Structure formats: structure tokens, C-alpha cells
Amino acid sequence: MVEERLAAAAQVVAPIESVYWWAGEIQCSDEWLVLMKTTLGRFERLARRVRELHSYEVPQIVAVALTVGTADYLEWIRRETSPDFGE
Amino acid sequence: MVEERLAAAAQVVAPIESVYWWAGEIQCSDEWLVLMKTTLGRFERLARRVRELHSYEVPQIVAVALTVGTADYLEWIRRETSPDFGE
Amino acid sequence: MVEERLAAAAQVVAPIESVYWWAGEIQCSDEWLVLMKTTLGRFERLARRVRELHSYEVPQIVAVALTVGTADYLEWIRRETSPDFGE
């Protein structure tokens, strides 16, 4: 994702323990929570790529808006995920 | 919470180290960060249930809106937390 | 941050593994994810203080709005980060 400029950064919090409903039963799994920093404009392509690589039929691919952030950091995200980078 | 259909999933990130103000002093504790996926409509009941079970007088029960997510995943949350499930 | 009333609490999730673009190359580092609870009004001072202490040139200092939360917990954040505390 990062290499393909779909995210400027990916932070891995792992393992986490996940408990969830699937196929009518409660499942328990160790999972990796990956926090990726990207732009709204790149989300769809990032989601498609995650889905291609993920082992789950319905992976958790969601985004939360950054309400505020330091200008240089937000600019860094925009710059590093810019589609102009060698597409 | 998951069993009671108040959340479709609960992801446990633990232990985390928490530093906070309480009773006029800075406290340090190991805590469990539990990320639960639910709907806004279920939040109140989920919050009430967490409060019943939690050991803190003022537990951290907050929600952050998912700005965007894949359609199947969001539908899965709605379906698995539906009040129609055996209430 | 907590001691200086810039945040009511700080939760440390560590170590996390971070992969990111910097100076034209992909970097990998162990990082500490620090989740701080504060008010929008205190964000700027908190951000300035983090920058003073952080080792990165462009540290990740962002905020996500709490969409909903229990009244006592939100009040606790406001009270514990109030500028009136000995400034």
C-alpha cells in the first residue's frame, strides 16, 4: 500500500484479539490492525487493493476523518500519496 | 457486548499504558482498549452495558464516526447489531 | 502533556511498527502511538508541545473528533484540561 503510494504510512498494531459475528457464530481471531494515512481521494483504490490482498471475505476497510492536524503533516500525506508519483 | 448484539465486533488492544488525572492526582494504569463496531442507534445501550460491567467510576465510552467504509462491511455491522436478533 | 493539563489522559500503544515515506525512501521504525484526550481548544498548544519534544521533523500530530460519548466522561476531559488549572 505504502510502496504503491496508496498510503503515506501504515502503522501496524498487532496482534490484537478480535471477537465478532460471522456465519451465525461468534468467532475469535488474532488480527493485525493497520492504521493507514491517506487522502479521501485515494481511499477507493486503497480499499480495492486491501480487498485483493486480504484473507477475509468481508475485511474491515473503514476510514475516519482527521478533524485537525499540523499543516506540515497533512501536506506530507497529500504529497506522498499523490497519483503523480510514477503512475 | 458482541454476544448481546450491541456490537458486531470487539477488538482488544492490550495492555496499553494509561496516564490520566483522577481525584486531583496523576494516575498510571494498564488498560485494555476495546474497539467495538456498532451503529449510532445501538450506542446508548452499549454504553449502558459497558458502564454496568466496567470497574471505573467514569469509564471512557466514546464513539468516532466511520467517515467511509466498504459497503459490505458497513452492512455487516448493521445486520449483526440489528435489534431484531432475538430481543 | 497530562501534567501540563494539555490532555486529560494519554494512552500509549507501543511498540507499533510503522512503514512510511520519508526523504524519497520507505522507512520502517518502531513507534509509540499516544492517544490523548483533550478539547479542540487545547489542540494547538498540545501540538506545539509535542513538536517541541518529538524527535521527528514532521511528527504525526492529528485529532479525530469524538462523535458521541458519555456525558460524565466528556465533562471529565473538559474539567481536567481547563486552562484555569494553575496557569
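1. Two strands are taken to pair if DSSP finds at least two bridges between them, and helices (H or I, at least four residues) and strands (E, at least two) are DSSP runs, numbered from the N terminus. By that rule, strand β4 (residues 68–69) of chain A pairs with β3(C) in the antiparallel sense over 2 bridges, and within β3(C) the residue C:V62 is the bridge partner of A:G69.

2. A word on the basis of these notes. This is a predicted model, in which local features need pLDDT of at least 70 and side-chain atom pairs count only at pLDDT 80 or more, while totals for chains, interfaces and linings use all residues. Residues are numbered from 1 along each chain as its sequence is written, chains are lettered from A and ligands numbered from 1 in the order in which they are written, and side-chain values use heavy atoms, with hydrogens and water left out.

3. Chain A on its own. The secondary structure of chain A comes to 2 helices and 4 strands, and from the N terminus on these elements run β-β-α-β-β-α. Taken along the principal axes, the C-alpha atoms of chain A fill a box of roughly 45 × 30 × 20 Å.

4. The β1–β2 hairpin of chain A. Strand β1 (residues 9–22) of chain A and strand β2 (residues 25–37) of chain A run antiparallel and are joined by 12 bridges; one position along this pairing has A:A10 opposite A:M36 in β2(A). The two strands form a hairpin with 2 residues between them, and A:A23 in the turn has a positive phi of about 55°.

5. The interface of chain C and chain A. Contact (heavy atoms within 4.5 Å) involves 24 residues from chain C and 24 residues from chain A. Chain C and chain A bury about 2000 Å² between them, 62% of it on carbon and sulfur atoms, where buried area is the accessible area (1.4 Å probe) that two parts lose on being put together, summed over both.

6. Polar links between chain C and chain A, and the elements involved. The count between these chains is 1 salt bridge, formed by C:R51 with A:D72, whose closest N and O atoms are 2.8 Å apart. There are also 14 residue pairs in polar contact (both at pLDDT 80 or more) between chain C and chain A; a polar contact is a pair of N or O atoms within 3.5 Å, where within protein one must be able to donate a hydrogen and the other to accept it, and residues adjacent in sequence count only if both atoms are side-chain atoms. On the side of chain C that touches chain A, the elements giving two or more residues are β1 (9–22), β2 (25–37), α1 (40–53) and β3 (62–63) of chain C, with β1(C) giving the most, 8 residues. By class, this side has 18 nonpolar, 2 polar and 4 charged residues, with Ala, Val, Leu, Ile, Met, Phe, Trp, Tyr, Cys and Pro counted as nonpolar, Asp, Glu, Lys and Arg as charged, and the others, Gly among them, as polar.

7. The interface of chain C and chain B. Here 24 residues of chain C are in contact with 24 residues of chain B, and the two chains bury about 2000 Å² between them, 63% of it on carbon and sulfur atoms. The count between chain C and chain B is 1 salt bridge, in which the side chains of B:R51 and C:D72 meet at 2.8 Å from N to O, and the rule finds 14 residue pairs in polar contact across this interface (both at pLDDT 80 or more). The elements that give two or more residues to the side of chain C touching chain B are β1, β2, β4 (68–69) and α2 (71–80) of chain C; by class this side has 15 nonpolar, 4 polar and 5 charged residues. Strand β1 (residues 9–22) of chain B and β1(C) pair in the antiparallel sense over 4 bridges, with B:Y20 opposite C:A9 in β1(C).

8. Relation of the copies. With copies superposed by least squares on the C-alpha atoms of residues with pLDDT of at least 70 in both, chain C can be laid on chain A with an RMSD of 0.0 Å by a turn of 120° and a shift of 0.0 Å along the axis. The two copies are therefore related as by a three-fold rotation axis. Only 12% of the interface residues of chain C are also interface residues in chain A, so the copies meet through different surfaces.

Notes:
A salt bridge is a side-chain nitrogen of Lys or Arg within 4 Å of a carboxyl oxygen of Asp or Glu.
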